[in-house]
Amino acid sequence: MTAHTVEYVRYRIPEQQSAEFLAAYTRAAAQLAAAPQCVDYELARCEEDFEHFVLRITWTSTEDHVEGFRTSELFEDFLAEIRPYISSIEEMRHYKPTTVRGTGAAVPTLYAWAGGAEAFERLTEVFYDKVLKDDVLAPVFEGLAPEHASHVALWLGEVFGGPAGYSETQGGHGHMVAKHLGKGITEVQRRRWVNLLQDAADDAGLPVDAEFRSAFVAYAEWGTRLAVYFSGPDAVPPAEQPVPKWRWGAAPPYQG
């Protein structure tokens with residue numbers, strides 16, 4: 001999949017025109033929101049010099065922007081709103097993301113919020129104890145290796161933002177997928193897996209706040225649905241991929 005393109009448009013708007021400029025972009029933003037080529041957008045104003053604005057638009061690709069959006073009816077309406085300010089543009093360029101990226105510590109990872117490695121070790125220990133006693137899942141995990149729970153703890157820890165312990169000792173996403181090939185996991189088994197994982201999270205003392213649990217369950221749903229697919233007869237194993245990184249969902253961590 002091609003990486004998205006980020007367009008930056010830098011404006012210098014006299015302060016006496018800023019209210020009209022913001023109003024125009026508020027109207028023009030409706031066209032961006034409706035454009036299938038637009039991923040997201042944001043207009044920011046300089047704190048040190050109120051005359052400087054930067055519009056950031058993430059496009060699905062440069063071609064989609066230039067040959068798609070700019071040739072659409074949406075662009076005509078967009079341009080009609082911002083046309084008076086075109087002469088105030090100081091830069092308008094497309095940028096491709098590099099591999100230098102990451103997040104800061106202002107928002108804790110799900111891994112840290114849960115309690116780190118110890119929390120995920122407790123979780124998997126409790127979970128697999130339940131699994132082996134469960135009529136639906138016990139047959140799937142017959143002959144479970146003693147180290148299985150600790151490997152899954154590493155996996156979940158890495159998925160939720162912790163150290164790359166699983167990648168370094170076991171492999172990437174392809175390694176995990178390979179463990180499900182040919183297993184023929186049913187929807188009933190998948191649903192029981194998700195339910196038992198939630199019960200284990202309660203018993204292991206993982207956080208119960210709505211924001212954490214919504215993200216936690218979202219990953220369980222996503223991961224188990226992939227497991228069902230890759231365990232089926234028509235599954236096509238993916239190319240080698242890194243371990244997925246799960247983050248807070250629509251609701252960030254609640255800090256009252």
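One point before we start. The model is predicted.

Let's take the strands. Strand β1 covers residues 5-12, and strand β3 covers residues 52-59. They pair in the antiparallel sense. Eight bridges hold that pairing in the count. To find your place, look at Val6, which stands opposite Thr58 in β3.

Now go to strand β2, residues 38-45. What does β2 pair with, and in which sense? Its partner is β3, again antiparallel, over seven bridges. Ala44 stands opposite Val54 in β3. And how many residues make up the hairpin from β2 to β3? Six residues join the two strands there.

Next, the charged side chains. Side chains of opposite charge can pair when their charged atoms come close. The structure holds 16 salt bridges. I'll show you a few.

Stay on the strands for one of them. Arg56 and Glu42 meet through their side chains in a salt bridge, at 3.8 Å from N to O. This pair links distant parts of the chain. Arg56 sits in strand β3, Glu42 in strand β2, and 14 residues separate them.

Move along to Lys133. Its salt-bridge partner is Asp129, and the closest N and O atoms are 3.2 Å apart. Lys133 counts as exposed because its relative accessible area is 63%, and the cut-off is over 50%. Asp129 is partly exposed, at 41%.

Now helix α9, residues 187-203. Glu187 and Arg191 both lie in this helix. They are four residues apart, about one turn of the helix. Their side chains meet in a salt bridge of 3.4 Å, N to O. Glu187 is partly exposed, with a relative accessible area of 37%. Arg191 is partly exposed too, with 43%.

The largest pocket has a volume of about 760 Å³. Its lining counts 33 residues. Closest to the centre of the pocket are Tyr128, Phe141, His148, Met176 and His180.

Where does the lining come from? Four helices each supply at least two residues: α6 (148-159), α8 (173-178), α9 and α10 (210-230). Which helix gives the largest share? That is α10, with eight residues of the lining.

What is the lining made of? It divides into 20 nonpolar residues, eight polar and five charged.

One last stop, back near the start of the numbering. Ser18 is found in helix α1, residues 18-34. Ser18 is buried because its relative accessible area is 8%, and buried means under 20%. Its side chain has a polar contact with the side chain of Arg45, at 3.3 Å.

To recap. β3 pairs with β1 and with β2. Arg56 and Glu42 form a salt bridge that links β3 and β2. The largest pocket draws eight lining residues from α10. Thanks, that's my tour.

Note on methods. Residues are numbered from 1 along each chain as its sequence is written. This is a predicted model: local features need pLDDT of at least 70, side-chain atom pairs count only at pLDDT 80 or more; totals for chains, interfaces and linings use all residues. Side-chain values use heavy atoms; hydrogens and water are left out. Two strands pair if DSSP finds at least two bridges between them. A salt bridge is a side-chain nitrogen of Lys or Arg within 4 Å of a carboxyl oxygen of Asp or Glu. Buried means under 20% relative accessible area, exposed over 50%, partly exposed in between (1.4 Å probe, protein chains only). On a 1 Å grid over the protein atoms alone, a cavity is a set of points where a 1.4 Å probe fits but cannot get out, and a pocket is an open set with protein on both sides within 12 Å along at least five of seven lines; lining residues have an atom within 4 Å of a point. Grid points are joined across faces, edges and corners, and a volume is the space filled by probe spheres set on the points. Ala, Val, Leu, Ile, Met, Phe, Trp, Tyr, Cys and Pro count as nonpolar, Asp, Glu, Lys and Arg as charged, and the others, Gly among them, as polar. A polar contact is a pair of N or O atoms within 3.5 Å; within protein, one must be able to donate a hydrogen and the other to accept it, and residues adjacent in sequence count only if both atoms are side-chain atoms.
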